[in-house]
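Please look over the side chains of the model shown here. The paragraphs below take up its surface, its charged pairs and its aromatic rings in turn.

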Amino acid sequence: MPDPEAPSRGATDLDRENRILERRLRRLEANVQRMEEFQDSNSTLLSSLLKDLEAERARSQRLLLNVLPQRIIDRLNAGETLIADRHEEATVLFSDFVGFTSIAARLPPSVLVEELNALFRAFDAICDANGVEKIKTVGDAYLAVGGLDGSAVDGAVAIADTALRMLEAVDRRTGTAADWRIRIGINHGPIVAGVVGVSKFAYDVWGDTVNVASRLESTSEPGRIHASMELADRLEDRFEFEPRGEVDLKGKGARPTCFLTGRRGGA
């Protein structure tokens, strides 16, 4: 006779199925938890990668801005492959340091580079403040242009002010490792500007206006800003000029020139 207190076969089977179901449920819950942890891990990893990518993009942008103006970068990003523009009215500044060869021979390389870096950083800051486009440095020479944004008058005024402030920056370097003196030449007229090169591309300017500015610099005097009469005529209401008479500019013949000596009272 069966024991009335013994569990029925149906109850035993049901209990076994419940235990199996519970085990499966625990495994499912564990798998879901692992998936959530994996998802969180992936989300953290993705966030970190995006942050690194953004930092690298910002670093690349800063490096690119050391080579190209922002408006040129924008045009390249938009798909332009050949950038060559003619500017009918631009103002060009050339400068170099007097006696640089002998200074370079006398100073230790590290000191020479440190001194040049301090001077060029000061010039860069002046250009940035005045909205002037620094084009490049070659050795001790510094080339900058105003008016590339389309404002010829503002560009000429900015270059004149930049030249005066560069003289002031050099004068403040008295008592350093070298007796720094600078010559500057400034000129106004049409130029061509564009990007050249592929692996080491550069933004540069060309034309007779650039060549004359270079000649004005080379025939200037230490601590003075040698200007073309064309530029002086444009700026005589804002700046003071001292006539120099005719100067023989190599390859250009004799031309009347003047020295930029300062700002007028209201400038």
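Which residues make a nonpolar surface patch of about 260 Å²? Leu25, Leu28 and Val32 make this patch. Patches are made of residues with over 30% relative accessible area and no salt bridge, with like charges joined within 9 Å and nonpolar side chains (Val, Leu, Ile, Met, Phe, Trp, Tyr) within 5 Å. Accessible areas are computed by the Shrake-Rupley method with a 1.4 Å probe, and for residues only the protein chains shown count as cover. Val32 has a relative accessible area of 36% and is partly exposed; here buried means under 20%, exposed over 50%, and partly exposed in between (1.4 Å probe, protein chains only). Val32 belongs to helix α1, residues 9–65. Helices (H or I, at least four residues) and strands (E, at least two) are DSSP runs numbered from the N terminus.

This is a predicted model, in which local features need pLDDT of at least 70 and side-chain atom pairs count only at pLDDT 80 or more, while totals for chains, interfaces and linings use all residues. Residues are numbered from 1 along each chain as its sequence is written, and side-chain values use heavy atoms, with hydrogens and water left out.

The charged pairs come next. A salt bridge is a side-chain nitrogen of Lys or Arg within 4 Å of a carboxyl oxygen of Asp or Glu, and by this rule the structure has 15 salt bridges. One of them joins glutamate 133 to arginine 71, with 3.2 Å between the closest N and O atoms. This pair links distant parts of the chain, since glutamate 133 is in strand β2 (residues 133–138) and arginine 71 is in helix α2 (residues 70–77), 62 residues apart. Both ends are partly exposed: glutamate 133 has a relative accessible area of 22%, and arginine 71 has 33%.

Strand β2 also holds lysine 136, whose side chain meets that of aspartate 204 in a salt bridge of 3.0 Å, N to O. Aspartate 204 lies in strand β5 (residues 202–206), and the two partners are 68 residues apart.

Arginine 263 is partly exposed at 31%, and glutamate 168 is partly exposed at 35%.

Salt bridges also link Glu221, Arg224, Glu242 and Arg244 into a network. Arginine 224 has a ring contact as well: it lies over the face of phenylalanine 259, 4.0 Å from the ring centre. A charge sits over a ring if NZ of Lys or CZ of Arg is within 6 Å of the ring centre and within 35 degrees of the ring normal.

That leaves the aromatic rings. Rings of Phe, Tyr and Trp (its six-membered ring) pair if their centres lie within 6.5 Å; planes under 30 degrees apart count as stacked, over 60 as edge-to-face and the rest as tilted. Seven aromatic pairs are found in the whole structure. Phenylalanine 120 and phenylalanine 123 form a tilted pair, 6.1 Å centre to centre with 55° between the planes. The two are separated by about one helical turn because they are three residues apart in helix α4 (residues 109–130). Phenylalanine 120 is buried at 11% relative accessible area, and phenylalanine 123 is buried at 0%. Both belong to one aromatic cluster, formed by Phe97, Phe100, Phe120, Phe123, Tyr142 and Trp180.
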